[in-house]
Amino acid sequence: MKFKLLSKYIKLKNTLEVLFLVGLFSANLSALPLPEIYNLDLKGLSQENISQINLAKQKIISFSETGSKEELAELFGQIGMLFHTIQQLEVAKSSYLSAVDLNSKEPRWLYLLGMVFQQDGNAEEAYNIFRRSFELQPDYLPTLVHLGNASLQKDDSAQAKRIFSQLYLQDGYKAISAEALGRIALKDGQLIEAINYFKEVLNLQPQADRVYYFLAQAYRKAGKKDEAKQALTKRGERFPHFSDPLMAYVKSLNISVHQMLTQGYSFLKAKNYSKAVELFDKGLQIEPDNVNLLTAKGLANEYLGNDKAALALYKKALSLKPTDTTALFNLAVLEEILQNPKRAAELYTKLLTVQKDHIDALAMFSDLQFREGNFEAASKTFASLQLVTPSNSQVMLYRGVSLLATGNCPWGRNILSEALNLDPANGNIALILSVTLAQCSDEAGLKRARELVNQVYASQPSFQSARFTAYILAYIGKFEDAIDLQTQAMFEALKNGGLAQYPDLAVNMKRYRAGKKPDWNWQAYAYEIAKSAPTRKGK
Amino acid sequence: MNKFIALTILFILFTLLPTSELYAKKVPVFIDISDKSGIDFVHHNGMDGHLYFPEMMAGGGALIDYDQDGDLDVYLVQGGILAKSTQSDSFQHNGGHLYRNDGISSKMGYIKFTDVTNKSGIESHFYGMGAAVGDVNGDGWPDLYLTNFGHNQLWLNKKGHFVDVTETAGVNDKRWSVSASFADIDADGDLDLYVGNYVDYSISGHKICKRMGGKADYCSPKSYFSQADRLFENNGDGTFRDISLSSGITKSYGGALGVVAADFDKDGKLDIYVANDGVPNQLWLNQGNNKFENEALLAGVAVNKMGLSEASMGVDVADFDDDDDLDLFMTHMAGESNTLYVNDGSGWFDDKTNKATLSLNSRPYTSFGVVWLDYDNDMDLDLMIANGAVILNTAQLVKGIKLPLNQPNQLLENTGNAKYMDISASQVALKKDKSVSRGLLVGDLDNDGDQDVIINDNNTTPQILLNIVGNSNQWLGLSLLDKTGKKHQLGSTVTLQLSTGKKLVRMVHRDGSYASSRDPRVLFGLGAHQNITSIVVKWIDGTQEKWLDLELGKYHSIIKGAGVKLNEIQTIK
């Protein structure tokens, strides 16, 4: 009986879509009197969210016999909001429809139902629903924003213009209205008006950087190509903000750990580390042993300069899950920052036994080994990294130089040849390869080396191209030319930090003057190009 | 015999009804001859539960008259086993298949194909994604470029027998390529090659992605790095040089899935448009001297009208609104709409998806192959779209469907005034929710004056759909060929003028859709018109010629130099 009573209110608009959302049915399906659409797999949500949903379901079941229509509508609306916030829109839609059926005088459920239809791209339905909501509650201005947007989607510019012009006069809605009025003007070919509206938005809310795209389109149509290009360089993803307490409330219902983690990371990205810690702490209150939260909080603490706290958090995470790759990675990098390369190396090794293709770990570990002069190990780690990033010429370059530094010229040459095939315009690879061709190839290789250095020097005269070209010229006995280029290289080196960092320059200059073939120390060169140790700033 | 009767009844029914009533009366446009055509191909995506990325992205195919007997043969790309190895990726496969069109079988009443893969010499060695067709050495025999998850291959057609010339031609690319386009970008008379590359994925670097509920699902391209595309310039003899870097096309890239070459800004040079998955698309405007600049953002075709990047899969180019410029249609993920970019004549575009009523009907589907075609020869360009999800569908999973990504395909009727109506519901042949469609190949398989369709479905048999309504309207077919009469002039456009003054513009191209190559012939549907005033061809080198008195209802070879030359600066009247 209960099932029949409830299902009367469940509007299942699209059977296929509903089926899509059914999920793997739980074992006690038959025991639940709510339709199957409510029986989602909720793994991944916080315990609190799951409890709220289950409680809401129970309330609906018990009120279905004793409660009034209004009370039941409220419960359907509430459960709709819970599903809305976790983006289960079909269930949310179904719930709001039930709420509206039970209580057609409540504007909130109409508003939220309109939001779901709008997200589905169904502008026609959204418009009608927002209109009903607005009639019931004309002082809730966000409804007008969506009503206007739905009009625009429906291609009803005139109606949209009327709505946004009215809204433009309201405090707090000027920016969002100006943005919409700008788009309407753009569509109608009123380009100066459009440009002015977009500029006004950016003046009111400089962070609304998506508006630069619209501004660029307006400039473009006005024939102002340079201004359009300039605007495009500032283009971003953020829309103008307007206050919408109801949607804010819906969003606040999502208290999943995942949401906190995601939001916390957004704050980390925005460099608001304290706020990030606050969110991670909130998550840890729900799940104190959540390894992801512990690790994320560790990272936020690192940025705040609390290395001790960060170390403790990573270690706690690893005590709970010794194979957690993020915690292992973050701890390893922190150890590098704290100048403990040996401990960092141990952690990277451990991480790579857990996940041998962890790209970031392979990249960091190979760089560390290279920097520490452990070239043989580095060449192997770079080889593993190359397996998972087969098209990365930089990885090949470092792998090649690692091999050269261990004295394996032929293999180094082969790897560098492959890198150059992949990235033929990379001058650095061409220059390094030319030295290997001179050192461990035949006459044809030497000829190729000359071609390479000539090509690079001709297209990019620089310190490095002069230095390597001089080497090759000296190698084939053209000492005068080599001296000229070496002089140029030394001059460039002086301008950029001095000669001391490139000992080969002076040594080889002497050799060129004496008519001797050049000397080249691959290990010294490897140290020269090694990437510096990570810093907190660069993490 | 019964089939003949059925076809006759359908034909009579069709001729009695105006086109607008076709869908209302549920008259089928296509008949499905998949199990009778002789094409016994079964696509294998190699799925073994690991949810490897390439397995749900394949594959396309090509319509190619490889034996030059005047009808379209079919090449369908094959997947294979994607096995994990400790050393490197390894692939097992049984290769793509080439089917020869043997014309209409008198016994069956349908066209019949024969598998000639073994005789053809083609041995595709890698996990196939797509195919592009072009006569790279100008010998009049169309050659085949296969894009792969692995090394790509160029198969040179030597009078009907194919030879792998990938290495000697210099067009190898071991990145994961999906779509490619042959286009004469420097207008020097030979075909250059643009290869769209997807992401830096390897089996050894495979990631496990999950959705809500913690269940494993296919990853999105955002889980991997994008790879740069490649551009190869033809040396004139069918060998190529890689000009990717010097041309500027590596300055920006992002998971390319669709590629078309066309003169979007009408400056006489072929540009290249690249549809990218989840990041802004590129419009490489040809600056001359083999240099390109990406002007997609400025031109309004990088992101949709709300400034948002979309997961672009397939793309097609055509003058759908008959205003003498080339527009773009893009296919996207479920939840996003497909997008119509309308050219304002200068190479700048506006997103008019909503206005064309193309938004709501595309949102439930993830669309791949797409082609603008005049299926009913009523003079306007309709849309056919191949759909198939990329996120596992739980309901289908529960039902035990092995690859739970099924979605129905779509046919959208151009209802005039630049609007479209989804008429798929009236089309039984569109296999509702029974397939995971990817490549969409369109051409007149039976040379009867209407456009037929082949859809390469993932991990199953292809759909061979024969058009049974189009040729009841008047039509004109054209092959635009070079002076030797052998080579299709890809990128050339032809303007047909009716006695009413109305003009229709069509471009010769094989590229677009998704990982597929189409019929290079131009087919004008003419509705009830029984004569035309003229056709004017604008060749790829900018010269224009006019032809009069072409007999309707048949295909003509339009050979460069054989028409009446128009002054280059004279406007077409």
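The legends below describe close-up views of a predicted model. Local features are taken at pLDDT of at least 70 and side-chain atom pairs at pLDDT 80 or more, while totals for chains, interfaces and linings use all residues. Residues are numbered from 1 along each chain as its sequence is written, with chains lettered from A in the order in which they are written.

**View 1. The side of chain B that touches chain A.** Here 30 residues of chain A are in contact with 27 residues of chain B (contact: C-beta atoms, placed from the backbone, within 7 Å). Helix H5 (296–299) and helix H6 (394–398) of chain B each supply at least two residues of this side; H6(B) gives the largest share, three residues. Helices (H or I, at least four residues) and strands (E, at least two) are DSSP runs, numbered from the N terminus. By class, this side of chain B has 13 polar, nine nonpolar and five charged residues. Ala, Val, Leu, Ile, Met, Phe, Trp, Tyr, Cys and Pro count as nonpolar, Asp, Glu, Lys and Arg as charged, and the others, Gly among them, as polar.

**View 2. Helix H22 of chain A and its cover.** H22(A) runs over residues 375–388 and spans 20 Å from its first C-alpha to its last, close to the 20 Å expected at 1.5 Å a residue (1.5 Å times one less than the number of residues). Its buried residues include Phe375(A), Phe382(A), Leu385(A) and Val388(A). A residue is buried if 20 or more other C-beta atoms, placed from the backbone, lie within 10 Å of its own, exposed if 12 or fewer, and partly exposed in between. Among the elements covering the buried residues of H22(A) are helices H21 (359–371), H23 (393–405) and H30 (522–529) of chain A.

**View 3. A five-stranded open sheet in chain B.** The strand order is E7-E6-E3-E2-E36, with mixed pairing (strands pair if DSSP finds at least two bridges between them). E7 (111–115) and E36 (516–517) of chain B each have a single partner strand, so one side of each lacks a neighbour in the sheet. Strand E2 (61–64) of chain B pairs with E36(B) in the parallel sense over two bridges, and Ala62(B) has Ser517(B) as its bridge partner.

View 4. A cis peptide bond, with omega about -5°, joins Ala58(B) and Gly59(B); Gly59(B) is in the loop between strands E1 (30–32) and E2 of chain B. Asp155(A), not a glycine, has a positive phi of about 75° and sits in the loop between helices H8 (142–153) and H9 (157–168) of chain A. Asp155(A) counts as partly exposed because it has 15 C-beta neighbours inside 10 Å. Asn377(B), also not a glycine, has a positive phi of about 50° and lies between strands E26 (367–373) and E27 (382–387) of chain B. With 25 C-beta neighbours inside 10 Å, Asn377(B) counts as buried.

Conventions. Contact = placed C-beta atoms within 7 Å.
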